[in-house]
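Please examine the sequence and the three-dimensional structure shown below. The paragraphs that follow treat backbone geometry and then helix packing.

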Amino acid sequence: MLAALAMNELSRRRTIIDLRRQKRLLAQATRLTKVGSWKLDVRNDSLTWSEEMYRIFELDRRVNPTREFFKQTLSSASDTDAQQAVTALVQAGKRFDREVEITTAKGHRRWIRCLAEAEWSEGRVAHVIGSVQDVTEQHQHNAEIERLAFRDGLTGLPNRALFHERLSGAIAHARQTRTSVGLIMLDLDHFKTVNDTLGHDAGDLLLCLIAERLQRVFGENNTVARLGGDEFAIIMPDIKTAADIHKAVERVMELLRHPVEHDGRNFSITASAGAAMCPLHHENPTDLLKNADIALFRAKLTGRNRLIGFQPWMRLAVERKAELVQDVRSSLTENHFRLFYQPTVSLAAPCQVTGLEALMRWEHPSKGLLTPAAFMAAFEDTECGHHLGELAFDSAILQMRRWLDEGVEFGRVAINLSSAQFRTGNLTEVILDKLAAAGVPPSRLVLEVTENTYMGWSAEMVGDALRALHIAGIQIALDDFGTGYASLTHLNQFPIDRLKIDKSFLRGTRDGAIVHAIVTLGARLGMKVVAEGVEDAEQLAILREMKCDEAQGYYFARPMPADDVPTFLAEFQTRSDGDILTVPTNPQALAQVEETQQPTCA
């Protein structure tokens, strides 16, 4: 009997030890998982809960939990539905499962997940048993994941993914309520120049400031998103008319005029915006966004620093441009582009051909021979512009090599540069390598750049590239002078050998003073001045009287194929007596072509 009693006691003690160990493990598990348990006796309103509940709610161990305290704790959440769910749990036994935000006894905000079920007795709720888990870290982690997935890292604004989600939601709501949604696409003008000249820190500061100003104007009821780079988008739900959009954008434009200070320097910036409305301009989010983008492109094209509302004809123009770009790409593959050459003539006796300008022509399979005016829009496409520029260089340099081998004295060949070519970043190396590979001296080449290319897109990068090319012996010409926005200061700062007067200045009688001023300016700065578009003897006489250096135009010759150049040069010398020039007979000058004299890659 004593032995049996001893065995029973040992077994009981082992059971107690195991239970204590399991209790410690359970307590440790609840502490690690931050899970507390509780039980409510509905009949006497007594509440019991585990040790972890004190830690979750940050309660003093001396506080006795009560049903009212538990209800008030959950009621501190802003979610009124949670309060109603607690009442339904206690009174009707409905299962409770939700996350709520609470305020602890020490004033900290926490997220908890509360699970509870009812125990029934005699047809009514007798007990409610539940658990509470502190999910604050998980909630913060999910919020951080959402922020990374749906928020712009620099400005904190909604990113492209969240923007598309909200745009779809706004349009769906507009369909149900029969209201309108406004969509604004906004780009900063010449933002890359800020990064290039002031540094990326200044660019980031500006983007954050723009984000702040946009939020200030549009408020919480609208969505302001950053789609990438300097591109922003604004969703305006429940608008009445387009005037609501215009008023808001006007306020943005006004705020942008306020200068920004960075590293002791002040700078300001402007913005271009395009707007579209749903359902007026489309009910599909993708198409509405495309239409707003088209309007934005139109705003940039017409001078920037303005808002343009979408019009249906704009989309047609974009579609035609897309078709043109595709057509140009196909023709590039099939070698339908080639260069024609128009001579430049010195006006001082004895008159001589000093060079040729290379002009691109498109031998279209169905439309015939086209000048750049017919495919100018293709140059706005970076890929097409780059390939056309490459083609012009390769063809011109190869042709110069042939003329040199044949002993044809052509002077210099001028080739136009496009913005797309400067964007490659290695233009200097490419040009010099091509010249070296062909054995063509750099002094035989003239590079023509329009004022807008020279001064507009990343002027510093363009200037650096042209300085390096100028040092190598290549001449630089400023094309269409007087039609852009180059200042007199820039003429001194940048390497310019030749000023080309735009042909528009030769057509009006009142433009004589402007031409004379440009000729005088060029002479003072040591630059050759070339007049474009000379068509008759009267214009020629005026230019000679003004002491203009050179000229080109129909009076001398239309652009011609490379094979006709040697014959033209020989005939020109025999028909010019050094003082009075006559129009050379050139049966292959393609008189039937309406020449626009647009530059190769303008």
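In which loop is Pro279 found? Pro279 is found in the loop between β11 (271-278) and α10 (285-301), where helices (H or I, at least four residues) and strands (E, at least two) are DSSP runs numbered from the N terminus. The model is predicted, with local features requiring pLDDT of at least 70 and side-chain atom pairs counting only at pLDDT 80 or more, while totals for chains, interfaces and linings use all residues. Residues are numbered from 1 along each chain as its sequence is written, and side-chain values use heavy atoms, with hydrogens and water left out.

Most residues other than glycine have a negative phi, and most peptide bonds are trans. The bond from Cys278 to Pro279, however, is cis, with omega near 10°. Glu58, in the loop between α2 (51-57) and α3 (67-75), has a positive phi of about 55° although it is not a glycine. Glu58 is buried (under 20% relative accessible area, with over 50% exposed and partly exposed in between; 1.4 Å probe, protein chains only), its value being 15%. Asp480, found in strand β18 (residues 475-481), likewise has a positive phi of about 55° and is buried, at a relative accessible area of 15%.

Two packed helices are described by the angle between their axes and the distance between the axes. For α10 and helix α11 (residues 312-333), the angle is about 85° and the axes are 10 Å apart; axes are lines fitted to C-alpha atoms, for helices over the stretch in contact, and angles run from 0 to 180 degrees between N-to-C directions. The two helices, α10 and α11, are therefore roughly perpendicular, a term covering 65 to 115 degrees, whereas under 35 is roughly parallel, over 145 roughly antiparallel and the rest oblique.
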